[in-house]
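Work through the two exercises below with the sequence and the structure open beside you. Try each task on your own before you read its solution.

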Amino acid sequence: MTEAIGIDIGGTRIKAAAVGGDGVVGEAVRRPTVGDPRGLVSAVRETLEALRGPDVPVGIAAPGLAAKDGGSIAWMRGRMEALEGLDWSAALGRSVRVLNDGHAATLAEAWCGAAAGCRNVVMLTLGTGVGGGVLLGGRLLTGASGRAGHLGHITIDRSGPADIVGTPGSLEDLVGDHTVYARTGFASTRELVAAVADGNEEAARHWRAVVHALACGVVGLINVFDPEAVVIGGGIATAGDALFVPLRCEMDALEWRPFGEGVPVLPAALGDLAGAVGAGRFALLNTQQEIGV
């Protein structure tokens, strides 16, 4: 039975899912994202109608910093600026809860995905950039202003150039797809991985650098948050063994393991619906202080 509807507004697509209270995903809808505010609201309204949405809680996940009242995205600069300040409850005429998309994916994977049953989880979403989220003691870490969980903006190379928020040598710039051409000469990470599979030594060298940077970021996050599991999702994670096999080798060399066992590094289980499922989960909860799994 549908108990909530979650909608994930991405740069190219809107993904929506009907979810049950036990995390079972029912009907799902995908449609192109529209750039202007009026068109975006219409597209989301049509998405709700396509799900034949009953009078259940609705959650929306999107890039940017969510407002403290959970009603809008308060900060989104440089892309998808139509989201900034848009009051979704007023726009749709029904109560809507809004959160960051990386936070939503983390909630989903800890609820009914790769880390189901875990109360301490770090998630990284590897795509155009690098997002993510942190769950501690069953509660989503949002911080004082909503910045918590923007894990791509940690420094890996202190001598590197500043990223979009001013962080030098960030994990996002060393791993994200948006810089892959500048770093490697390949048009996309997918193309880079394909060249590695074809035996291209230059591609293999670049890929090793990507995996090493990611491993450095992951071990640092493990030392800070001490999670039960690290979940890796996003488009780059679809590389499968080409990513996870060398990543685990790097972790064997780099991770601090005081009790002998490493933290499991797991591929995300919910695919491109993680943000929508997490938004639905968020909508089921009454207040931001009550967020848990």
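**Exercise 1: α6 and α7**

In this predicted model, Thr189, Leu192, Val193, Ala195 and Val196 of α6 are in contact with Ala203, Ala204, His206 and Trp207 of α7. Sort the residues of this contact by class, and then describe how α6 and α7 are oriented and which hand their crossing has.

Solution. Begin with the classes: the contact between α6 and α7 is made up of seven nonpolar residues and two polar ones, with no charged residue. Next take the geometry, where helix α6 (residues 189–197) packs against helix α7 (residues 201–225) at an angle of about 125°, and their axes are 8 Å apart. Angles of 65 to 115 degrees count as roughly perpendicular and those over 145 as roughly antiparallel, and therefore α6 and α7 are oblique to each other. Finally, the hand of the crossing of α6 and α7 is left-handed.

**Exercise 2: α7 and α8**

Describe how α7 lies relative to helix α8 (residues 241–254), and name the residues through which α7 and α8 meet.

Solution. Start from the axes of α7 and α8, which come within 9 Å of each other and cross at roughly 55°. This angle makes α7 oblique to α8, and the crossing in which α7 passes α8 is right-handed. Then list the contact: Trp207, Val211, His212, Leu214, Ala215, Cys216, Val218, Val219 and Ile222 on the α7 side meet Ala242, Leu243, Pro246, Leu247, Glu250, Met251 and Leu254 on the α8 side. Sorted by class, the residues in the contact of α7 with α8 are 14 nonpolar, one polar and one charged.

Terms used: Residues are numbered from 1 along each chain as its sequence is written. This is a predicted model: local features need pLDDT of at least 70, side-chain atom pairs count only at pLDDT 80 or more; totals for chains, interfaces and linings use all residues. Side-chain values use heavy atoms; hydrogens and water are left out. Axes are lines fitted to C-alpha atoms, for helices over the stretch in contact, and angles run from 0 to 180 degrees between N-to-C directions. Helices (H or I, at least four residues) and strands (E, at least two) are DSSP runs, numbered from the N terminus. Angles under 35 degrees count as roughly parallel, over 145 as roughly antiparallel, 65 to 115 as roughly perpendicular and the rest as oblique. A crossing is left-handed if the near helix is turned anticlockwise from the far one by less than a right angle, and right-handed if clockwise. Contact means heavy atoms within 4.5 Å. Ala, Val, Leu, Ile, Met, Phe, Trp, Tyr, Cys and Pro count as nonpolar, Asp, Glu, Lys and Arg as charged, and the others, Gly among them, as polar.
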